[in-house]
Amino acid sequence: MSQMMEKSTENPSEDRASFKSNGSIKSDEKLSTDGGTKSGRLRSFRKSIQHATQKSPLSSVKGSKVTTKSDTPTNESDSAASPPPPSPSLSAGSPATPLKNNQKKEDDEADASFRISKPLTRSKTDPGISKFSNSFMKRGASIRRSLKMVTKKDTDKISTKAISEASMEEDMEEKEEEEVLREEIEDCYVLPSIPLTPLSVMEINKLIETGELEEAHLNLLALRQEFQQQPESCSDGSAMELATREKDLNLLYGTLRKKVSDIVCDSNPPSSQNKKLLLQMARVIQEEEKRLKEPGGLKDSWMDAWRESVSAGVQVKVQSVHLDRVEQNSAWLAVHLGLLGKVIVEDLENVKQELRWSYPPSFKVFSTYVRGYNRVVAQHLKKLEQQVTELKDFYGLLDWIINKYKSERIMGSLSLQPDIQDESTDLQLEENFLKQVKEKYCRRMQEELKMIQNRVIELENEEVWKDGKAPKKEDNFPISSFPIDISTSVKSFVLNSIKLDAQLEKKVVSSCLEQLKQFPNGFEKAFSQHCTSHQPLWTEYRITYINSFTSLKKHMEEYKETCKDGVNGFQKAVDSLIDKLMRDLEDQFKEDVKSYLRRMMTRKWLTNDEDFDQLYSRTKLLSQQCSLMMPPHAKAFASKLHYHVVIEYIGQLMKSNYSCKNRKHEKAATKIHHQWNKLSDLFEDMKSNNEWLYHVGDDLSNIIGQKNTSDIKNHLQPVIEHYPDFSKKHLVGVLYFRGLMRGHEHQLILRRLTALKKEVNIASSDRNQVLFSNMQVTVNTNCLSNFPYSCFSFLMPDN
């Protein structure tokens, strides 16, 4: 008996006890480890855990039944009433071992087990001397009495822990068994024997509908063999029978194909029942592929049909993803694509972890599903694109196609590694689809930019023109905020395009610049409509927009390397507007000082400074305003005004409006010199580029102010050197203003001019520096002034 107890304690997994209805205990034979398989050992281990749990003295279930493969349930009442029979391991005449000693040993073992905090997995008592006819409640009470400290609540906890650990171990073993089963599916498959006599068509059809694919297929093959073996007879009856069989085969195969398609579509994630169907289905497909060219079956490939079914299942999954209507949710596309990516990853995870183990390896299930998603999602995106109208949605669609689909969020997910590395994750888009989406994106971006431009004009009218508010300043320059708004928008478009596709950058830049070319002209029309020349800030507004468009032009220069032609076209449109605004300022100034300049070099001018003071004050005011203009336009504008004032001021000498007689020429020369210096200082402060104009006033005032007429010819050379276009008619006008209209000295001065012009190297002069040629000369150069001195010398007095 002790040997049996030791054997039971040392190898409890091999202890197999069965209980008969009379309460007697019979030992099972020890399981042989030499011939057992791995799955057999696992099942044996699991059953031993179950037995241990059922036999535990801590069980609170009264009258629990313990059965084995060959046992019958024990009657609780009989077990409690009948005395225990003698152990079969003892001799016939030996008395039974007292229960007290055995019970004490059980209590001691249980006590030791609790002290080391280990759950009782099974009883260690020798089955030959145990009294299982007594209730488990009594044995539990005996353990509690021996421990003196363990309550019912404690025992319940320990029992629960034991069961929980056993359950966890069982789950782990089931997973291990499942892994073993996964490895057992091979491509080689031995077809079971085909029945000699097939079932009827209705019976085969019923088997297909109920999912008994293997049996249905075997009978279908048997029916097909009969069809193949039946020769084409000449009799009409045989031909009709053959046609009927062929029709039956077509119907049954069609039903089987439909069933296969339904199974595939509903297989992810696979259920326990579906897994069995999938393997049967795979074997059917393998066999039918071998018999593809034999008569009686379907003409097309079963593997191709299976792949189409996979795609159909994928399509169902894709179409089931929630999609809001555009009017319901402005973020409808972003939400849908986010959910779609999540569904793709979850579906492929199920394929990778579960579904592919239900197929033979040759099916390449994971690859087929990846290709299915590449194709189905591409078709789905084409339908989505037809609903896209907003720029953000075009961008989101392109970003999802180009970046996100292959990223770690979807096809590059870590959960799909390493299997996905060997697969192509390119969407099977239609030819030119992506190109068309990019073109629509660029066109919509142009529309967006146009809306921004129109909004800029509206804001200028609402915030500035309407109420006549002064423009805001930046670094002491009046400037609007729209250059920043527009350049920021363009910048965001370009940066976003780079994120999508580096090749898209040039197209986006070109599209933006093409739209911006229309902006200067549209802005000028709106400005002219809302802001007339009568407004007090008319000049300042124009200076503001000269600065603003200069700034915008500078911002766009950064795209010159990307799109040179586009930048040049936009800059040309901006330059045209700036020239227009500057011309408006120039024309307004000319109109303002026209009357004052017209009264220069007159009798009133000689005695009154009022007109010159007005000219000077208007010019000085414009000079102050020009200081608010950003370079390089400030200098260009000052140079234009400088030239105009010089032409008009000096040009009055050529109009014969007044002749200084009675030695008034000296006073006139002094006045010209004084006023000329004031004007020159003013234009110098304005940083005019026309420095070459500073000499003309002094050169002509020196000629006019000479006391002796004979000295005039000695002061002609500076004016000829500074202004080679100074001609005889211009000199006649100056002499007329000086009071010298004819005479011998007059002729000598003209001759001296002719000689000097021959001596001066006109070719070396700057042809762009033209002054006198642009002056209108109205002096009357009569014939006498052109005659030589000898012709009218007799008219002169003797002295």
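These are my notebook entries on a predicted protein model.

**Ground rules.** I'm working from a predicted model, where local features need pLDDT of at least 70 and side-chain atom pairs count only at pLDDT 80 or more, while totals for chains, interfaces and linings use all residues. Residues are numbered from 1 along each chain as its sequence is written, and side-chain values use heavy atoms, with hydrogens and water left out.

**Overview.** I looked up the secondary structure and found 29 helices and four strands. (Helices are DSSP runs of H or I with at least four residues, strands are runs of E with at least two, and both are numbered from the N terminus.) The protein has 799 residues, and 44% of them count as buried. Buried means under 20% relative accessible area, exposed means over 50%, and partly exposed is in between, with a 1.4 Å probe and protein chains only. The accessible surface comes to about 43300 Å², and 50% of that belongs to carbon and sulfur atoms. That area is from the Shrake-Rupley method with a 1.4 Å probe; for residues, only the protein chains shown count as cover. Then contacts, meaning heavy atoms within 4.5 Å: of those with a separation of 6 or more, 77% are between residues 24 or more positions apart.

Is lysine 352 buried or exposed? It has 14% relative accessibility, so lysine 352 counts as buried. I found lysine 352 in helix H12, residues 332–353. Beyond its neighbours within four places in sequence, lysine 352 is in contact with Trp357, Phe366, Ser415, Leu416, Gln417 and Asp419. Next I checked lysine 553, which lies in helix H19 (residues 538–556). Its relative accessibility is 19%, so lysine 553 counts as buried. Not counting residues up to four places away in sequence, lysine 553 touches Phe570, Gln571, Val574 and Asp575.

**Cysteines.** I searched the whole structure for disulfides (pairs of cysteine sulfur atoms within 2.5 Å) and got zero. Cysteine 531 is buried at 1% relative accessibility, whereas cysteine 265 is partly exposed at 30%.

**Helix pairs.** Two packed helices are described by the angle between their axes and the distance between the axes. The axes are lines fitted to C-alpha atoms, for helices over the stretch in contact, and angles run from 0 to 180 degrees between N-to-C directions. Under 35 degrees is roughly parallel, over 145 roughly antiparallel, 65 to 115 roughly perpendicular, and the rest oblique.

How do H13 (residues 365–385) and H14 (residues 391–404) cross, and within what distance do their axes come? They cross at roughly 170°, with the axes coming within 11 Å, so H13 is roughly antiparallel to H14. Val377, Leu381 and Glu385 of H13 make the contact with Phe394, Leu397, Trp400 and Ile401 of H14. I sorted these into six nonpolar, no polar and one charged. (Nonpolar is Ala, Val, Leu, Ile, Met, Phe, Trp, Tyr, Cys and Pro; charged is Asp, Glu, Lys and Arg; polar is the others, Gly among them.)

For H23 (residues 633–651) and H24 (residues 665–685), the axes come within 11 Å and cross at roughly 170°, so this pair is roughly antiparallel too. Among the residues that meet are Leu641 and Tyr649 in H23 and Trp676 and Phe683 in H24. By class, the contact of H23 with H24 has 10 nonpolar, two polar and one charged residues.

**Phenylalanine 772.** Where is this one? I found phenylalanine 772 in the loop between helix H28 (744–759) and helix H29 (783–786). It is buried, with a relative accessible area of 0%. Leaving aside neighbours within four places in sequence, its contacts include Ile650, Met654, Tyr723 and His730. Isoleucine 647 is 125 residues away along the chain, yet its C-alpha atom is 7.9 Å from that of phenylalanine 772.
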